[in-house]
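Biologist: Hi! I'm new to this one. Could you walk me through it?

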Amino acid sequence: DREFSLGLASNNRKILQVIDEAIKRLNEGSFGVCQDCGCKISKVRLKAVPYAWLCIKCQEKLEHK
């Protein structure tokens, strides 16, 4: 149980960091722009994952590596 709880806490901490980065991009005016290719991230993707930093195409490339 303890290992499971620690894993959850670590995962939550990572998600909070990603959300903080998304807020910084929002303040800088670069929110919704793929950090890899520079294209706009689709509204559908941002609704599903509001803290997304990659477009679907670049996310798929990253996952295949």
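**A first look**

Modeller: Happy to! Leu16, Ile19 and Ile23 make up a nonpolar patch on the surface, together about 250 Å² of accessible area. Patches take residues with over 30% relative accessible area and no salt bridge, joining like charges within 9 Å and nonpolar side chains (Val, Leu, Ile, Met, Phe, Trp, Tyr) within 5 Å. Areas are Shrake-Rupley values with a 1.4 Å probe, and for residues only the protein chains shown count as cover. A salt bridge puts a side-chain nitrogen of Lys or Arg within 4 Å of a carboxyl oxygen of Asp or Glu.

Modeller: This is a predicted model, where local features need pLDDT of at least 70, side-chain atom pairs count only at pLDDT 80 or more, and totals for chains, interfaces and linings use all residues. Residues are numbered from 1 along each chain as its sequence is written, and side-chain values use heavy atoms, leaving out hydrogens and water.

Biologist: Where is isoleucine 19 found?

Modeller: In helix α1, residues 2-28. Helices here are DSSP runs (H or I, at least four residues), numbered from the N terminus.

Biologist: What comes just after α1?

Modeller: Glycine 29, with a positive phi of about 90 degrees. Serine 30 is in the loop between α1 and α2 (43-48).

Biologist: Which residues does serine 30 touch?

Modeller: Arg25 and Gln35, leaving out residues up to four places away in sequence. Contact means heavy atoms within 4.5 Å.

How values were computed. Helices (H or I, at least four residues) and strands (E, at least two) are DSSP runs, numbered from the N terminus.
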